[in-house]
Amino acid sequence: MTVRDLLVAGTDELSRAGVPSPRVDAEWLLAHALGVTRTEMYADGDGTGPEQEQVFRELVARRAKREPLAYVLGEWGFRRLTLTVDPRVLVPRPETEMLVERCLELLAGLDEPHVLDVGVGSGAIALAINDEHKGARVVATESSPDALAVAVANVERTGLDVELVYGELFAGLEGPFDLVVSNPPYVAPEEIGDLAPEVAEHEPRAALIESGQTAAIAGQALSRLAPGGALALEVADGKAQQVAELLRGLGYEEVTIGEDLGGRERVVDGRAPR
Ligand SMILES: C[S@@+](CC[C@H](N)C(=O)[O-])C[C@H]1O[C@@H](n2cnc3c(N)ncnc32)[C@H](O)[C@@H]1O
């Protein structure tokens with residue numbers, strides 16, 4: 001079959017399964033099956049073999065069961081990095097790229113800042129900060145051994161310098177840190193059914209369901225931040241004002257809310273008193 005025929009067939013199957021972006025996903029999956037980029041796939045023209053077609057059909061079948069595209073591909077882009085991802089970790093999100101952007105702003109002017117990422121998952125935040133601020137000394141914690149194994153793989157894959165610590169929240173780390181960052185679980189248990197099947201049925205519950213982590217991190221970070229050090233948190237859509245109030249109530253200063261590209265308030269940060 002030609003590339004075009006395979007794309008039409010794959011797009012139809014994904015469309016019938018309710019996948020929100022069937023054509024783009026089919027392109028990603030076919031390029032993956034052929035071992036080329038999406039651009040090369042079109043430049044290559046017609047030449048697909050039966051083995052590649054079989055691989056493509058299997059990938060499409062997985063995606064049609066609403067497995068996240070990132071898990072089917074086995075890797076996902078985050079800022080300048082390509083990270084290994086699988087069902088042990090949350091798929092890194094575009095709004096988390098904005099959180100990293102804000103962290104880099106908060107670290108501006110510091111040559112060798114100490115940074116802590118609580119709940120490292122795939123390693124996305126910690127690795128991107130180390131990648132984009134070469135002086136940053138980054139340590140990250142994670143309470144899921146499965147997720148931590150993926151973060152270890154991504155430290156090796158990227159060759160970046162992030163120390164990983166297994167444990168709850170701060171895992172005994174005392175700081176002082178110039179920045180504590182976290183994208184904690186923030187889905188209320190009763191809201192899980194409202195989420196897309198990709199999220200509700202495939203991503204790890206420990207990465208999704210909130211059980212007081214935001215408040216615990218905000219409270220415990222204060223004694224671990226250097227004077228004037230920053231806390232930056234990703235928050236659920238619609239929760240930014242509430243989290244900003246929490247931070248002010250705890251004594252954080254310069255509390256700021258950041259919006260994602262769609263204008264939704266998704267990042268809250270503040271500084272420990274100087
Ligand atoms: C929403 S995911 C974020 C993962 C990654 N930082 C990212 O932004 O893509 C939250 C992560 O925090 C971890 N986690 C949840 N509760 C935790 C706790 N009490 N202590 C440490 N890590 C925790 C989860 O296992 C999960 O990997």
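This is a predicted model: local features need pLDDT of at least 70, side-chain atom pairs count only at pLDDT 80 or more; totals for chains, interfaces and linings use all residues.
1. Two pairs you can look up in the viewer are V115 opposite L179 of β6 and L116 opposite V180 of β6.

2. How enclosed is β6? Of its 6 residues, 5 are buried, so the rest of the structure largely encloses this strand.

3. Stepping back to the whole sheet, you will find 7 strands in an open arrangement, ordered β5-β4-β3-β6-β7-β9-β8, with mixed pairing. At the edges sit β5 (162-166) and β8 (253-259), each of which pairs on one side only. From one strand to the next, the twist averages 15 degrees.

4. Helix α6 (residues 94-106) packs on this sheet, where it touches β6, β7, β8 and β9 (265-271). The direction of α6 makes about 165 degrees with that of β7. Helix α11 lies across β3, β6 and β7, and runs at about 170 degrees to β7.

5. Which residues of α11 are buried? In this helix (residues 213-221), they are Q213, T214, I217, A218 and A221. Viewed down the axis of α11, the buried residues fall within an arc of 130 degrees, so they line one face of the helix. Their cover includes β3 (114-118), β6 (177-182), β7 (225-234) and α12 (240-250).

6. A polar backbone atom of G119 is 2.9 Å from a nitrogen atom of the ligand. For L169, a polar backbone atom is 2.7 Å from a ligand nitrogen atom. Q213, one of the buried residues of α11, has a polar side-chain atom 3.2 Å from a nitrogen atom of the ligand.

7. As background, most residues other than glycine have a negative phi, and most peptide bonds are trans. The loop between β5 and β6 is also the place of P176, and the peptide bond from G175 to P176 is cis, with omega near 5 degrees.

8. Another positive phi to check is that of E254, at about 50 degrees, although this residue is not a glycine either. Is E254 buried or partly exposed? Its relative accessibility is 49%, so E254 counts as partly exposed.

9. Finally, take a look at N154 in helix α8 (residues 145-158). N154 is buried, with a relative accessible area of 0%. What does the side chain of N154 reach? At 2.7 Å it meets the backbone nitrogen of T84. Leaving aside residues up to four places away in sequence, N154 touches L83, T84, S122 and L127.

How values were computed:
Residues are numbered from 1 along each chain as its sequence is written. Side-chain values use heavy atoms; hydrogens and water are left out. Buried means under 20% relative accessible area, exposed over 50%, partly exposed in between (1.4 Å probe, protein chains only). Helices (H or I, at least four residues) and strands (E, at least two) are DSSP runs, numbered from the N terminus. The arc is that of the directions from the helix axis to the C-beta atoms. Contact means heavy atoms within 4.5 Å. Two strands pair if DSSP finds at least two bridges between them. Axes are lines fitted to C-alpha atoms, for helices over the stretch in contact, and angles run from 0 to 180 degrees between N-to-C directions. A polar contact is a pair of N or O atoms within 3.5 Å; within protein, one must be able to donate a hydrogen and the other to accept it, and residues adjacent in sequence count only if both atoms are side-chain atoms.
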